[in-house]
Amino acid sequence: MTDGNQRIHDADRLDIPGPRKAKRPKVQLDSEKFGQFAEATARFMGTAKFLAYMTVIVAAWIIWNLVAIYKLRFDPYPFILLNLFFSTQASYSAPLILLAQNRQEDRDRVSMAEDRRVAAQSRADMEFLAREVASIRMQMGELATRDYLRSELRDELRSLLEEIEATPAPSGSH
């Protein structure tokens, strides 16, 4: 009986490895929509408009906390709250940007594979056409050309004319 109790206690111990089912909450996200959100965020963060907005906000923040009446200052000089916001923004921005880059790499990978497939097909088509052209050229070499036929016909015509001239005309029917 102690052996069974021992196993139950061993399963609860964290220092003994064993099969455990992680008790994590299951979060269902539409990865495509979240990816689009990440790309839109990364695209916006890479614009001059975003930098201008951030500059205006930071400048207003600093000026407010330097010039405002002491009781209205919500983040005095070392601007700890501003740094916290920057850290939070960076901690969310970096993974979003990486996700957007990964999605772009995936699209690039698919595009390159398609380009390679099209290039291979084009190369095969060009090789086929080159073989066909070579075959046609070889067959054309065996065919009589127009100039060759003309010269042969001229020679034949001359020989016939010479034969006709050499043949005596029949006399007496008239």
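This is a predicted model: local features need pLDDT of at least 70, side-chain atom pairs count only at pLDDT 80 or more; totals for chains, interfaces and linings use all residues.
Helices are DSSP runs of H or I with at least four residues, strands are runs of E with at least two, and both are numbered from the N terminus.

Residues are numbered from 1 along each chain as its sequence is written. Local features need pLDDT of at least 70, side-chain atom pairs count only at pLDDT 80 or more, totals for chains, interfaces and linings use all residues, and side-chain values use heavy atoms, with hydrogens and water left out.

**The contact of the two helices**

Which residues of α3 meet α4? On the α3 side they are F50, M54, V58, W61 and I62, and they meet L81, L82, F85, F86 and Q89 in α4. Contact means heavy atoms within 4.5 Å. The residues of this contact divide into 9 nonpolar, 1 polar and no charged. Here Ala, Val, Leu, Ile, Met, Phe, Trp, Tyr, Cys and Pro count as nonpolar, Asp, Glu, Lys and Arg as charged, and the others, Gly among them, as polar.

L81 lies in helix α4. Leaving aside residues up to four places away in sequence, L81 touches W61, F74 and D75. With 30% relative accessibility, L81 counts as partly exposed; buried means under 20% relative accessible area, exposed over 50%, and partly exposed in between (1.4 Å probe, protein chains only).

**Aromatic pairs**

The whole structure holds 6 aromatic pairs. Rings of Phe, Tyr and Trp (its six-membered ring) pair if their centres lie within 6.5 Å; planes under 30 degrees apart count as stacked, over 60 as edge-to-face and the rest as tilted. Two of the pairs are tabulated here.

| Pair | Distance between centres | Angle between planes | Class |
|---|---|---|---|
| W61 and F74 | 4.9 Å | 85 degrees | edge-to-face |
| Y77 and F79 | 5.8 Å | 65 degrees | edge-to-face |

The pair of W61 and F74 links distant parts of the chain: W61 belongs to helix α3 and F74 to the loop between α3 and α4, 13 residues apart. W61 is buried, at a relative accessible area of 14%, whereas F74 is partly exposed at 45%.

In the second pair, Y77 is exposed, with a relative accessible area of 61%, while F79 is buried at 11%. F79 is placed in the loop between α3 and α4. Its phi is near 55 degrees, a positive value in a residue other than glycine. Elsewhere, F44, F50 and Y53 form one aromatic cluster.

**The protein as a whole**

The protein has 5 helices and 0 strands, and along the sequence the pattern reads α-α-α-α-α. Of its 174 residues, 10% count as buried. Among contacts between residues at least 6 apart in sequence, 49% join residues at least 24 apart. The protein exposes about 15800 Å², of which carbon and sulfur atoms supply 63%; accessible areas come from the Shrake-Rupley method with a 1.4 Å probe, and for residues only the protein chains shown count as cover.
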